[in-house]
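Here are my notes on the model. Please read them beside the coordinates.

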Amino acid sequence: MPDMLHGRHIVLTAGPTLEPIDPVRFISNRSSGKQGYAIATALAALGARVTLISGPTALNDPANVETIRVETALEMLAAVETALPADVFIGVAAVSDWRPASRADKKLKLDKSDFCALPLTENPDILKTISNHADMRPDLVIGFAAETHDIIEHARGKLQRKGCDGIIANDVSGDVMGGDNNQVTWVTASQTDNWPSESKVEVAARIARQISQTIATTCNEDTPT
Ligand code: C5P
């Protein structure tokens, strides 16, 4: 049904974050944003109002999706909180766990001995923050877990630690980062569903259907955001 998510507001993060060291250098990762953008598109196709908070990617804004571009994890968290309230939050972004403790105004020079040890500070955990939000926790909060081994065990641990309702566990032992295919397992307190290896677009459609089924059975249909 094309309008299964009509009236629902879904906020999701995608892509990497970029944490500046100085005007020309940064810490980031290889996330392409492809899976998150495909999920945003699939959710919009089911009738949801979708707000995509994206780190820097080479992708065009998806059609029918409000896309907000950010760079850092701090900016990403602020944009997510501004986008609330929502019925569903999905954390797909590969958020950098660390950022440089300070950002130099001028390009750092190699002869500066302090540049050899770059002081870092921890970034906020966006998924955990939204899962534990005091007044605006979405009814359904879903995270991703990219793992190379012991995938289900790690996903279950993450479900507990982050306080979210579901984890989409992602086998990244192959060429998933930047590639077009993906194999995921849908993990909740009561479910462990191993889905087939498919294109990221097909995985996104499956995730969108699963989200719409879950929200229909667990959330009050009369009060969409
Ligand atoms: O802790 P880890 O990075 O393995 O967890 C992955 C999940 O947590 C993803 O859903 C990711 O978007 C989210 N996350 C986050 N903020 C962080 C780190 C991870 O939202 N600082």
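1. A backbone N or O atom of I126 is 3.0 Å from a ligand nitrogen atom. Alone, the ligand exposes 450 Å², and the protein buries 83% of that. Those areas are Shrake-Rupley values with a 1.4 Å probe; for residues, only the protein chains shown count as cover.

2. On provenance: this is a predicted model, where local features need pLDDT of at least 70, side-chain atom pairs count only at pLDDT 80 or more, and totals for chains, interfaces and linings use all residues. Residues are numbered from 1 along each chain as its sequence is written, and side-chain values use heavy atoms, with hydrogens and water left out.

3. Helices (H or I, at least four residues) and strands (E, at least two) are DSSP runs, numbered from the N terminus.

4. T17 lies in the loop between β1 (9-14) and β2 (19-20). T17 counts as buried, at 0% relative accessibility. Buried means under 20% relative accessible area, exposed over 50%, and partly exposed in between (1.4 Å probe, protein chains only). The T17 side chain makes a polar contact with the side chain of E19, at 2.8 Å. Such a contact is a pair of N or O atoms within 3.5 Å; within protein, one must be able to donate a hydrogen and the other to accept it, and residues adjacent in sequence count only if both atoms are side-chain atoms.

5. The L84 to P85 peptide bond is cis, with omega near 10°. P85 is in the loop between α2 (73-83) and β6 (88-91). N64 is not a glycine, yet has a positive phi of about 65°. N64 sits in the loop between β4 (49-54) and β5 (66-69), and is exposed at 71% relative accessible area. D150, also not a glycine, has a positive phi near 45°. D150 is in the loop between β9 and α4, and is partly exposed at 46%.
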